[in-house]
Amino acid sequence: MPVPLAYSLRNLRARKLTTALTAGGMALVVFVFAAVLMLDAGLKSALVKTGQPDNILVTRRSAGTEIQSAVDRQQAAVIESQPEVALGPGGVPIVSKEVVVLIALPKRDSGVPTNVTIRGVGPGGLALRPQLAMAQGRMYRPGASEVVVGRTIAERFDGVGVGERLRFGGREWTIVGTFDAGGSAFDSEVWGDGEQLMQAFRRPVFSSVVAKLADPGSFEALKARLESDPRLTVEVKRERAFYEDQSAALSNFISILGVTLSVIFSIGATIGAMITMYAAVANRTAEIGTLRALGFRRAGILGAFLAEAVLLALVGWAAGLAAASLMQLVQISTLNWQTFAELAFRFTMTPKIVAESLLFALAMGVAGGFLPAVRAARLGIVDALRAA
Amino acid sequence: MSGVAAPPLVRVAGVSKSYRRGGQVVPVLADITLDIPGGAFLGLMGPSGSGKSTLLNLIAGIDKPDAGSIAVAGVDITRLPEAELADWRAANVGFIFQFYNLMPVLSALENVELPLTLARMDRRERRERAQATLELVGLGDRMEHFPSELSGGQQQRVAIARAIVTDPRILVADEPTGDLDRHSAEEILALMDRLNVDLGKTIVMVTHDRRAAERAHSIMHLEKGELFAHEELPR
Amino acid sequence: MPFLVLVLRNALRHKLRTALTVVGIVVAILSFGLLQTIVAAWYAGADKAAPDRLVTRNAISLTFPLPLAYRDKVRAVAGVKAVSYANWFGGIYQKPANFFPQFAIEPESYLAMYPEYRVPEEELRAFVRDRKGALVGRKLADTYGFRVGDTVPLRGTIYPGTWEFTVRGIYDGEDAKTDTSQFFFHWDYLNETVKKRSRGRADQVGVLIVQLEDADRAAAVSEAIDAQFASSLAETLTETERAFQIGFVKQTEAIVVAIRVVSYVVIVIILAVMANTMAMTARERLSEYATLKALGFPPVFVAGLVLGESLAIAVAGGAIGIALTFPAADAFAARVGTLFPVFQVAQGTVGLQLAAAALVGLVAAALPMRRAARVNIVEGLRAIG
């Protein structure tokens with residue numbers, strides 16, 4: 001015969017301050033746990049949105065990032081002419097030979113010069129990135145000293161409004177529009193015409209070649225052929241995998257730091273729950289004796305106190321998760337130390353995080369409640385009654 | 001401080017008190033007037049809820065009346081502000097509780113020393129006085145014991161030593177034998193009698209036990225917040 | 001006497017509860033200290049930067065080089081004592097996770113500018129003599145077991161191919177704050193190899209390092225250098241070494257801020273735990289507080305008992321936490337290797353930890369103190385039954 005759940009619930013309500021403090025501690029731990037997972041999820045979601053599933057990205061072998069990569073014109077021509085590459089209207093391959101450089105721009109809130117990616121895009125570049133849409137102004141004209149800036153760049157940097165001018169590579173560049181790349185990494189970039197940027201920076205080579213596959217299933221064959229071609233020293237990746245790899249270090253850092261901290265912090269909150277539950281057992285010794293005398297079994301008592309601890313954890317979980325969901329309004333921007341460039345992303349709540357934080361909170365509740373519940377269950381009836 | 005012509009030590013005049021319980025006002029004492037001469041051993045008797053403990057608390061200065069005044073040795077304690085009232089209690093009142101109310105973390109000696117720390121007294125003197133008082137109550141061999149290591153009767157004797165160590169004007173005892181067996185109770189009552197007779201302590205004791213009350217020299221009976229009988233007991 | 005005795009004996013009354021609370025505080029103060037140390041390590045490079053050194057780089061961004069020819073022009077600027085240069089190599093040792101900074105340098109002028117790197121005389125000579133030689137920091141050598149004479153292969157990311165270097169010397173820092181996680185080799189070796197492959201990329205340096213005659217003239221000299229190259233092919237940006245280092249830190253500031261915030265969150269978590277302990281303790285002892293007040297003890301005494309107990313527990317936990325921070329920081333530093341060149345518990349951190357522990361004790365006691373001081377004697381005495 002189990003002790004009714006209402007008994008556990010009412011007891012929590014009876015000592016409000018203790019319940020609030022214990023659940024509050026757990027809520028903070030859940031908050032940290034969920035916020036870190038949300039940060040990592042936000043980073044991954046930005047990167048997944050950046051790469052299209054049927055695009056490939058070719059860089060120089062072992063360059064790792066586009067900044068460190070170099071692909072010359074002959075190599076690019078070889079890549080362009082592969083039969084797996086999809087053809088657009090008029091039989092032109094859908095390919096963008098791109099040049100990527102970093103420039104330092106002052107951030108609006110701090111004035112700190114921060115590295116921003118400038119991407120010089122080839123004619124096929126826009127067809128390859130359907131997630132891109134103009135938010136304000138217009139797209140740059142090929143052949144002109146014009147650039148467009150991503151949404152988060154426009155929000156976070158000074159002097160990047162439509163109509164303003166940027167000076168780099170010995171030229172003045174007019175900003176003619178702002179684009180929205182749907183929360184992808186491109187939102188943290190400045191785009192212009194590839195040939196113009198190569199002239200300005202006096203770069204004879206491209207950084208990367210992006211191409212659309214006619215059949216995504218042909219990737220492995222193409223990769224094998226290009227990487228073994230003696231004329232080329234290149235590495236072929238799916239665009240999405242490339243961007244994921246680029247932020248692997250950042251993502252690892254966030255999740256390792258976050259999980260470590262959550263585990264350490266949860267020790268504190270679990271101890272809090274344990275203290276509370278031990279006190280609850282001590283204060284209610286006579287009550288426990290009475291329940292046992294009435295015929296409730298040891299298992300029932302154990303269950304009742306465990307349920308109380310778990311209820312406590314559930315309150316903490318709900319409060320912590322609610323606070324963490326508010327973090328979705330916050331955008332984080334940091335240097336990705338693999339690319340040396342600014343990357344902005346949002347805290348993102350996912351069903352998986354809801355479930356994981358629930359499990360985490362329940363684990364804290366059970367860990368904190370188990371030993372006290374065992375003590376309650378082991379009390380002898382007569383001794384317990386005498387405590388009254 | 002005996003003396004026939006002297007004014008009474010405690011003068012309770014027109015005291016009323018009521019409590020609020022669950023939104024209802026419950027009258028506890030109604031217009032009580034009472035004199036307690038110095039050196040008296042007064043028993044307060046009455047059924048549960050008669051107001052006897054409330055009257056004792058008022059005389060001891062741990063509660064305040066709604067109306068009326070209580071003068072002890074000429075001082076109207078109902079007009080003293082909180083802090084002064086605390087100082088007054090430290091100097092004038094010794095408490096004996098039903099459940100002893102000793103500090104569980106302090107030894108018998110330390111418990112008795114505790115009220116002396118409120119009087120400016122150096123450490124050695126404090127210790128000597130506490131030891132002497134414990135010997136007086138017959139616990140000279142239990143000084144280093146903690147309350148949990150003492151029987152109920154012994155704990156109550158420590159509590160009595162704590163009550164008298166500051167040499168207060170008045171001892172208040174609320175059911176001092178209520179938690180004790182017959183034999184221990186007799187010992188405690190004998191000790192209180194000795195304090196009254198030999199040391200001239202004025203004692204006010206609340207009890208619902210007729211046999212305990214008979215150790216007093218006079219008994220006041222309360223019922224429903226009013227005094228309704230006063231009996232003098234033969235010495 | 002009785003006050004302290006009461007405080008200490010009360011604190012030990014519920015041994016399990018006190019022990020659990022102390023453990024909680026130890027964990028919190030320890031992690032607070034480690035997180036603060038991580039934040040400090042982030043800024044360590046900037047702390048050690050010398051005020052009389054400037055860094056000149058391409059104005060576009062660090063990834064753009066400068067022509068080697070700039071060295072002589074900069075040396076001619078008034079107020080400049082010496083000029084050296086370095087290239088970021090960005091190679092991978094065995095696997096990408098083994099990160100440590102590698103610079104191609106011109107050995108004599110560069111090391112003359114960094115007297116904080118202490119190299120034994122003969123090792124220095126051996127390094128200068130060997131074109132493919134390398135000079136590694138003590139911490140780096142310890143992390144990967146490099147010894148003089150070892151061959152270290154690095155896979156280039158910026159400069160393609162696998163490069164092999166022979167360790168010729170190991171340098172120590174002049175103090176614990178010096179970065180000894182770096183790997184230096186000859187710029188000439190890099191440049192010759194680059195020249196063979198693509199002429200266009202040869203004779204270029206990543207940054208120029210400028211030593212000033214007078215540190216107070218840093219701003220004026222920086223301006224003079226940059227003015228010289230205004231509207232040239234490669235415009236320059238010159239700043240003090242400290243500003244240059246801070247620039248890196250600032251770009252990752254979101255992470256530093258997050259770590260700092262989280263380090264305070266742990267204090268709030270433990271505050272909730274501690275406040276709960278004190279609230280329960282005070283509630284259980286209300287009848288004792290009422291007794292003390294009946295005996296004539298003032299409310300301040302009773303409140304003091306609660307505060308004293310709270311502080312005793314918090315400071316005990318804090319002290320243990322602080323004592324554990326040092327070995328924990330050493331263990332952490334050993335695990336992360338060269339990721340943080342300098343990882344040391346600062347004195348200020350210990351002060352912060354102590355303050356945090358005391359604050360936890362103080363704030364946790366606030367409400368229970370109020371309750372104990374205000375306990376109604378008659379009701380409190382009744383609570384005993």
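Tutor: Helix H5 (residues 152–164) of chain B lies across E6 and E7 of chain B, and runs at about 170° to E6(B). Axes here are lines fitted to C-alpha atoms, for helices over the stretch in contact, with angles from 0 to 180 degrees between N-to-C directions. Contact means that the C-beta atoms of two residues, placed from the backbone, lie within 7 Å. Helices (H or I, at least four residues) and strands (E, at least two) are DSSP runs, numbered from the N terminus.

A word on the source: this is a predicted model, where local features need pLDDT of at least 70 and side-chain atom pairs count only at pLDDT 80 or more, while totals for chains, interfaces and linings use all residues. Residues are numbered from 1 along each chain as its sequence is written, and chains are lettered from A and ligands numbered from 1 in the order in which they are written.

Now the strands under that helix. E6(B) and strand E7 (residues 170–174) of chain B pair in the parallel sense over 4 bridges; pairing requires that DSSP finds at least two bridges between two strands. Within that pair, B:Val93 stands opposite B:Ile170 in E7(B). Both strands belong to an open, mixed sheet of 6 strands in chain B, ordered E6-E7-E8-E3-E9-E10. E6 (93–96) and E10 (226–232) of chain B are the edge strands with a single partner each, so one side of each has no neighbour in the sheet. On average, neighbouring strands of this sheet are turned by 20° against each other, direction ignored.

On to the chain contacts. Chain C meets chain B through 20 residues of chain C and 22 residues of chain B. On the chain C side, helices H1 (2–11), H12 (286–294) and H15 (377–382) give two or more residues each. That side divides into 12 nonpolar, 4 polar and 4 charged residues, where Ala, Val, Leu, Ile, Met, Phe, Trp, Tyr, Cys and Pro count as nonpolar, Asp, Glu, Lys and Arg as charged, and the others, Gly among them, as polar.

Towards chain A, 37 residues of chain C are in contact with 45 residues of chain A. H11(C) gives the most to the chain C side, with 15 residues.

Lastly, chain A splits into domain 1 (5–48 + 248–386) and domain 2 (62–232), with bounds from an automatic or database domain assignment. Their centres, taken over C-alpha atoms, are 46 Å apart.
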